[in-house]
Amino acid sequence: MGDKLFNSMTRPAVLAIALILTGCANLGAIQEFGRMSADGASYTRLSDDYVQSPEVRKAFTFRADTAQRDNLGRVAEERKKQSAELAIYHKSISDYMNALADLAGDETPSFDPELDAMVDAAAEARYLTEEKAEAVRALGKALTNAIASAYQQRELQQVIENANAPLQKVIGSMIVMMEGFAESLDTEHTVFVSYHQTLIGMGEEKGQDGTMREPVAAQMAYANLELGKPAYAARARAIPKYIETLQKIAAAHQSLYDNRHRISDKEVLSQLARHTRQIRAAYVAVRAAE
């Protein structure tokens, strides 16, 4: 009788523990999505190239073309402002995604107060519009609220609900800048090729005696042209894949938001796992292009 009573009393407790453990394990799909997205969002190599692009173009502009060199100097100054904006986007998305993974694992996320300072400084210097600054602040607020309230896994859906709109805006702004880099890269590549072809033509120009004026210079310009082509081709492959990475992160989080009231459902988590595989595939393609 005692054993039966013990079994009848402990069975619900055992089932409850099993359900809790199963729930935590199921949310591993959200953890994986968060970590993978944080990794992708923290990738800054293309952003760094975007900022440096005007200086590269300036290096392949003839010294006598002062108007174009002055214009590129102005563009370079504008890109320095955009550098601050991009740094904020990278950090805010990455921080949030890592926090999402922590919450899904029933862990207390960390928060870096440096982000608030970065946003305030950029907004004050007018490197970041107030609308964009508010989106980043709202994303940070969703995170700080989670920490202050000790949300963890039980309130994960509330965090997703609060963060989705600002996250979509931040990712959208970052995508626009990466699309701008794709256009800038086309121009940079055209300038690079034209510059070296002009040098080759000048070196191969024949004198009155019928021989080339500067065959060695022409050969050196040709070698530099050929050596530089792979770097442009690599970035041309990487940029659209990085844009795809960001788009997939946004789509996956939107899916989580749409299904936030049933985030532990197997179907929802299976769908998220598919999104994460797509994010990983796009990001792997970005890194492979390096």
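The chain has 9 helices and 0 strands, where helices (H or I, at least four residues) and strands (E, at least two) are DSSP runs numbered from the N terminus. This is a predicted model, in which local features need pLDDT of at least 70, side-chain atom pairs count only at pLDDT 80 or more, and totals for chains, interfaces and linings use all residues. Residues are numbered from 1 along each chain as its sequence is written, and side-chain values use heavy atoms, with hydrogens and water left out.

Of the 290 residues of the chain, 40% count as buried; buried means under 20% relative accessible area, exposed over 50%, and partly exposed in between (1.4 Å probe, protein chains only). Among contacts with a separation of 6 or more, 79% join residues 24 or more positions apart; a contact means heavy atoms within 4.5 Å.

**Helix H3**

Helix H3 covers residues 45-59, which makes 15 residues. Its first and last C-alpha are 20 Å apart, close to the 21 Å expected at 1.5 Å a residue (the expected span is 1.5 Å times one less than the number of residues). At Gln52, shortly before the proline Pro54, H3 has a kink of about 45°; the bend at a residue is the angle between axes fitted to the seven residues ending there and the seven starting there. The buried residues of H3 include Leu46, Asp49, Tyr50 and Arg57. Among the elements that cover the buried residues of H3 are helix H4 (66-104) and helix H8 (215-258).

| Residue | Helix | Relative accessibility | Contacts beyond four places in sequence |
|---|---|---|---|
| Ala99 | H4 | 3% | Pro109, Leu143 |
| His275 | H9 | 14% | Ala251, Ala252, Ser255 |

Ala99 counts as buried because its relative accessibility is 3%. Ala99 and Ala38 are 61 residues apart in sequence, and their C-alpha atoms are 9.2 Å apart in space. His275 also counts as buried, because its relative accessibility is 14%.

**The largest pocket**

The largest pocket holds about 230 Å³ of space. Its lining has 16 residues, and Arg45, Asp49, Ala231, Ala234 and Arg235 lie nearest its centre. H3 and H8 each supply at least two residues of this lining. By class, the lining has 10 nonpolar, 1 polar and 5 charged residues.

Methods. On a 1 Å grid over the protein atoms alone, a cavity is a set of points where a 1.4 Å probe fits but cannot get out, and a pocket is an open set with protein on both sides within 12 Å along at least five of seven lines; lining residues have an atom within 4 Å of a point. Grid points are joined across faces, edges and corners, and a volume is the space filled by probe spheres set on the points. Ala, Val, Leu, Ile, Met, Phe, Trp, Tyr, Cys and Pro count as nonpolar, Asp, Glu, Lys and Arg as charged, and the others, Gly among them, as polar.
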